[in-house]
Amino acid sequence: MVAVCLLVAVVVAGCSGGSYQYRWEFFFDSIFRPDGLIVSGIWLTVSIAVSSQIIGVILGVFGALGKQAKRRGIRWIANFYVWIFRGTPLLVQISLLYFGLSVAKVYTWPEINLFGLAIPGAIQAGIVALGLNEGAYMTEIVRAGIISVDPGQMEAAKSLGMTYGKAMRRIVLPQAARVIIPPLGNEFNNMLKTTSLLVIISVPELYVVFSRKQGNFFAPFEFFLAAAIWYLLLTTIWGVIQAWIERRLGRGAGGERPPSMRERVFGLGREVDPSLVSGGR
Amino acid sequence: MMSSGDSDILADIGNVPTLQSLIVEATDVHKYFGQLHVLKGVSMNVKRKEVVVVIGSSGSGKTTFIRCINHLEKIQRGRINVNGHLIGYRETTEGKLIEDRESNIARQRQEIGMVFQRFNLFPHKTALENVIEAPIHVRGQSDEEARSVGVALLTRVGLGHKTDAYPSQLSGGQQQRVAIARALAMKPALMLFDEPTSALDPEMIGEVLQVMKELAESGMTMIVVSHEMGFAREVADRILMMDDGQIIEEGTPEHFFTNPQHERTKSFLSKIL
């Protein structure tokens with residue numbers, strides 16, 4: 001993508017007769033000497049992504065269990081939740097949750113102090129919106145993971161005197177995790193980038209920082225290219241972490257070799273059938 | 001009428017059939033899968049220390065029946081008592097049976113060990129971890145206590161050297177022996193075996209049957225769904241023949257080998273012997 005941008009830039013530069021004056025120092029400074037704004041933007045992006053993903057995973061586990069509940073009411077709630085949050089644009093959900101609720105005086109998102117750290121309302125709303133949205137997608141992922149575990153596991157756990165909840169926690173979910181983690185990694189990769197949608201409620205994360213900078217200096221190419229590099233760096237680091245986690249999970253349990261670092265990061269190599277990774281037998 | 005203490009002692013020495021020595025009492029058990037009537041009034045009793053082998057062709061309901069005994073399957077009519085407790089249901093004052101609370105069912109299942117055809121070991125845990133999982137997390141035993149009992153049980157089934165192996169590193173016969181040890185770790189009053197050797201390669205069947213035989217000799221009450229007639233002849237006190245959701249014939253191994261009465265029994269035995 002970066003290469004494509006550069007190519008386009010060269011072409012455009014050629015066509016426009018050099019009327020656009022590249023100021024590459026903006027780009028290189030943003031990458032190699034990031035100022036406080038950029039650094040805090042990166043931290044905010046990462047913390048929002050991590051918080052939202054955690055909320056998403058928790059909601060996903062409850063959503064998946066809810067979808068399989070015996071009681072019809074619980075199943076209905078879970079299905080309704082997934083239907084709503086997968087069926088509407090995230091941008092609309094963010095706006096509705098922040099502007100909608102606060103203007104209607106339903107909830108005005110007051111600043112919260114958490115361990116001496118003041119968290120502005122917009123950031124809270126952003127995390128909640130991203131988390132709720134993510135939870136709907138995680139519901140399906142967790143559900144697929146639970147279904148992939150042999151029903152005999154639940155029966156064996158029950159025959160040993162475990163309740164449904166204990167059997168889920170100790171026997172089924174740990175095995176489902178092996179199927180859940182690869183797509184969960186992809187979800188988090190998405191999440192790192194999707195945080196940029198919080199521009200709509202002016203959360204000063206990475207994209208907003210660069211968006212403001214380019215406005216100040218009118219150097220959109222240099223600054224947005226720098227933003228792209230930063231996102232790429234974040235997702236690449238995550239790719240390495242994810243490969244490491246999957247390697248660890250794959251250990252000692254038979255099944256197929258998880259993808260190597262190179263395959264994971266650059267998407268090379270073969271597709272991994274999740275049923276093979278999880279099955280064991 | 002004797003006190004239960006007396007009857008235990010007598011049951012130990014003379015197998016006197018008193019009410020207290022009955023571990024399983026199933027009365028007129030009916031089970032439907034939707035429209036399909038799979039158990040059509042099964043009644044049977046199992047005495048303490050008795051080994052009962054259930055035979056019958058596939059679809060006869062034998063597996064479904066033993067799964068009802070620890071309430072892995074609900075029943076629609078009749079009742080099953082294990083150790084004097086009604087399994088899976090509680091009785092209202094009007095005498096209606098409604099399904100019991102999950103925690104009560106879970107507690108009842110602690111007394112009933114079950115061994116599955118497909119072993120169902122926990123693949124993410126080692127052999128020893130499989131065995132100590134329920135003693136620690138269900139019974140609340142201490143880690144050391146559970147471990148020492150677990151190692152002893154694995155040694156008893158001949159796998160003392162495999163405590164740290166994962167199920168995927170064990171043969172089918174070894175896995176099934178771990179599964180037996182896992183069930184025994186809960187100190188059950190009754191062991192259910194659902195075709196424990198059907199998924200095994202022929203050369204591994206013997207080692208599992210040997211463990212089961214030793215278990216029977218140690219006085220464990222057992223209900224075994226199996227077609228291993230050699231095992232039945234040697235170990236069983238009683239054989240039940242099931243067909244089309246009913247027990248159609250019942251008797252000693254001797255009876256089944258020499259003088260089966262029912263036509264279905266005769267044709268079934270002629271096919272498997």
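Which residues line the largest cavity? I looked this up in a predicted model, where local features need pLDDT of at least 70, side-chain atom pairs count only at pLDDT 80 or more, and totals for chains, interfaces and linings use all residues. Residues are numbered from 1 along each chain as its sequence is written, chains are lettered from A and ligands numbered from 1 in written order, and side-chain values use heavy atoms, without hydrogens and water.

Entry on the cavity. I took a cavity as a set of points, on a 1 Å grid over the protein atoms alone, where a 1.4 Å probe fits but cannot get out; lining residues have an atom within 4 Å of a point. Points are joined across faces, edges and corners, and the volume is the space filled by probe spheres set on them. I found 1 cavity of 30 Å³ or more, with a volume of about 30 Å³. The lining consists of B:Val131, B:Pro135, B:Gln141, B:Ala146, B:Val149, B:Gly150, B:Ala185 and B:Lys187. In chain B, α4 (127–137) and α5 (143–156) each give at least two lining residues; α5(B) has the largest share, 3 residues. Helices here are DSSP runs of H or I, at least four residues, and strands are runs of E, at least two, numbered from the N terminus.

Entry on phi. I noted a positive phi of about 50° at A:Phe115, which is not a glycine. A:Phe115 sits in the loop between β1 (112–114) and β2 (117–119) of chain A. Its relative accessibility is 84%, so A:Phe115 counts as exposed (over 50%; buried is under 20%, partly exposed in between, with a 1.4 Å probe and protein chains only). B:Asp28 also has a positive phi, near 50°, but lies in strand β1 (residues 22–33) of chain B. B:Asp28 is partly exposed at 31% relative accessible area.

Note on methods: 1 Å grid on protein atoms, 1.4 Å probe; cavity = no way out; pocket = protein on both sides within 12 Å on 5 of 7 lines; lining within 4 Å.
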